[in-house]
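Here are a few notes to go with your first look at this one.

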Amino acid sequence: MAVTLNVNGSAHEIDADPATPLLYVLRNDLALNGAKFGCGLGQCGSCTVIIDGEAVFSCVTPILLLEGREIVTVEGLGTIEEPGPMQAAFIEAQAAQCGYCIPGMMMQAQALLQKNPAADEGQIRAALEPNLCRCGTHSRILKAVLRAGELMQSAGMQPNEGRAG
Amino acid sequence: MRPGRLLLGVAALVVIAGGVFLALAWRPGIDPVEATERAEFDPEVVGRGAQLAAVGNCIACHTVPGSKAFAGGLPVPTPFGTIYSTNITPDPATGIGRWSEAAFQRAMREGVDREGNHLYPAFPYDHFTLVSEEDNSALYAYLMTREPVEATAPANDLPFPLNIRLVLAGWKLLYFDEGAFQPRSDQSEAWNRGAYLAEGLGHCGACHTPRNALGAEDRDRHFEGGEAEGWQAYAIDEISPAPIPWDAESLAFYLRDGWHEHHGVSRGPMAEVTGNLGLLPDADIDAIATYVASLMGEPSAERRQQAETLLERVVAGPGAIVPAAADSMDAPQPASGDRGAAIYASACATCHESGRSLPYGGLNFALSTAVYAPNPQNIVNVTLFGLPAADGEASSIMPGFAGVLSDEDVAELLAYMRDQFSDRPAWEGVAELVRATRTGEHKVSIRPSDGIERAPHNVGAED
C-alpha cells in the first residue's frame, strides 16, 4: 500500500506495509538518519520526531496514521551551514557526548518551545522526562534548551525557520 | 377548622421539626490544646501510625503532588463541585495542631471537626468510623509528629445549599451509621483483620462501590465497581471482570508490589494505593487479600477452566525460551484493511506480545481486565496518556499516543482489541469518550506511580 508522507516540507510516496513504524521509513527509505533506533518500545525517546506540532515516538507510530500530516525530523530544524536555533544552542552548549539521544532530545525540546519559547527549567525537565541520556550530559542539554528558547525569543524567529527540505 | 389555624399548625410543626433537626445536627466544639500541653509520643506508636496512615492512603488526598506532605489543598472533584483537602499537619494556625486527641478521635468516628462543623463525606468517615480507638490514637501520634506546614486550602467550590455544612447532618441521618467494627465469629482471624482494614481505614469501597445520586455508597452493591478521579474502579466482588480470577495469593502480590503477571500493573489512583501498601507487614496485606478474595468467591468450574486454557495459550511455561525483542516484529499479521489491527501491530504488539513477562514486558491483552471491563474508560486513559515513569526507581512505563491517534483511530484500535482479546460485546460510543477524555471534559488524574513523592520536593509516605 502506498502512503504519502509529508516530511520536512516535502511529499514522499512510500510503498510499505501500513503497519510499518515511521522510524524505519525515515531511516531506510528516506535516508533521514537523525532519528535513532534505541529501544524500539517507545521508552527511550531517541526516535522522537514532531508530528503536527506534537513530539511523538516514531518507533511505535505506524505510517498508516500519517497521511496528510506534517512530520518534522531533526534534519528539518536547519542545515550544517545554517543551523536552526535549537541546533545552534546545542552546538554552543556542546550538549552532545556520544550524541545518540540528542536528535530525540532536540525534537522533544523543539515541540515544547514551539508552544512556549519562554518555558522555564522545570517545564523543560518535565517535557524531556521521556528522553533518556546514558552519557549524563543532562546539565548541558538543559542549558542548551534554555539557550534555544532565548534565541527563538530574541530573534523573534519562527521556531522552525531555516528548515531544510 | 379555619384555613388560618391549619397554616399556623403546619408552621408550628415545621418550627418544631427544624428545632429537633438542629438539636440533632449540633455538635459542640472541643477545646483547643497547645503543642506544649501534649505528652511525648512513643516512637513505637508513631511507627504504627505511619503504617496505618499508609493503609488509609491519607497522603493521597491530603497532599498536592510535589508539595509538602499532608499540607492539604488538593482539589477533589466530585459530581457536586470541587472540595479541597485540608491541612492535617500539626501547624497550630492552619493545620490540626490545636486538635486534642479527643477531637481527632471524634473526626474519624463522626465526621465532625474540632469546632463542631460537619465534614464532607469526601473524607470517608463512613469507613473511618470503624477504626479502633487504639489505631486512631496511633494515627494521631503519627500526624502530630509530622513537620508542621503553614498552608490554607482554597475554599470549597460547592453550590448552595451544599455549601452549608448543616445540610451534611441530614446526609448523615440518611446514610451514615456510626459504630465500631464488629468481627464475625464464623470467619478466621485473618479474614476479620482484612475486613477491618479494607472496610475501615483502607476505605476500598470509597472507589470500588458505586454511589447514589446523593454521593453515598450504594450498600446493596458493595464492591460492584465505582469511579475515582476519572478512572473506573473495577468490581472486586464475584462480578470482577478479570479474565483470570483473582485469588488471595495473586491479590496479595498485587497489593504489595503494584503488579501481577496475570493481571497487569496498578495505575491511576490505585498506583498510589499499592505504593502505600508496600509499607505494610505481609500479614496485613495477606489479611486484606483473604477478605477481598472471599468476597470475590470461588470461581465456577467453567470459569476456572477458561482461565486455565487462556493461561496455557498466553503464558510461556517455566523454562520456555523468551524471544528477544527483535523477534517481537513478528507481530500478528493484520487482515488487510483492518486499521485497528494495523495500529495494534505497530504501536502495541511490540511490548504487549513481546513474550517478556511482567513487569518488564506489557501485559498480553488476553489477560487484561481493562479489555474485558464493561466500560472502556481506563484503556482510553492509558492509550491517550500512557503510564508516566516514576523518578529513579523501577516502575511501569508506557508512552501515551494522544499525539498521533485521532479519536476515530483510538476507537478502531480498541474495537479490534475488544474483539480480538475478549469474549465480551463491542463497546459503544468509544470515539466520543476519547474526545471527552482528550479535551479534559472528562477529567482524569494522570500521575506516575510515585506521583505524590514527586521531585523536586520529594515528600512521601516516609517523609
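1. A cut-off to start with: a residue is called buried under 20% relative accessible area, exposed over 50%, and partly exposed in between. By that scale R48(B), with 24% relative accessibility, comes out as partly exposed. Keep in mind that this is a predicted model.

2. So who does R48(B) pair with? Its salt-bridge partner is D135(B), and the closest N and O atoms sit 3.4 Å apart. D135(B) belongs to helix 6 (residues 133-144) of chain B and R48(B) to helix 2 (residues 43-56) of chain B, so this pair ties together parts 87 residues apart in sequence. D135(B) has 8% relative accessibility and therefore counts as buried.

3. Next, have a look at R256(B). Its side chain meets that of D282(B) in a salt bridge of 2.8 Å, N to O. R256(B) is in helix 10 (residues 248-257) of chain B and D282(B) in helix 12 (residues 282-296) of chain B, so parts 26 residues apart in sequence are tied together. R256(B) is partly exposed at 25%, and D282(B) is partly exposed at 42%.

4. D286(B) also forms a salt bridge with R256(B), at 3.4 Å, N to O. D286(B) lies in helix 12 of chain B and R256(B) in helix 10 of chain B, so the pair links parts 30 residues apart in sequence.

5. Over in chain A, salt bridges with shared partners join E92(A), R147(A) and E150(A) into one network. Over all chains, the structure holds 25 salt bridges.

6. Finally, D338(B), E408(B), E412(B) and D419(B) form a negative surface patch. E412(B) sits in helix 17 (residues 407-421) of chain B and is partly exposed, with a relative accessible area of 31%.

Key: Residues numbered from 1 in each chain as written. Chains lettered and ligands numbered in written order. Predicted model: local features only at pLDDT ≥ 70, side-chain atom pairs only at ≥ 80, totals over all residues. Heavy atoms only, no water. Patch = residues over 30% accessible without salt bridge, like charges linked within 9 Å, V, L, I, M, F, W, Y side chains within 5 Å. Areas by Shrake-Rupley, 256 points an atom, 1.4 Å probe, with all protein chains shown as cover. Salt bridge = Lys/Arg side-chain N within 4 Å of Asp/Glu carboxyl O. Lys, Arg positive; Asp, Glu negative; His and termini not counted. Charge placed at Lys NZ, Arg CZ, Asp CG, Glu CD. Helix = DSSP H or I, 4+ residues; strand = E, 2+ residues; numbered from the N terminus. Buried < 20%, exposed > 50% of the residue type's maximum accessible area, 1.4 Å probe, protein only.
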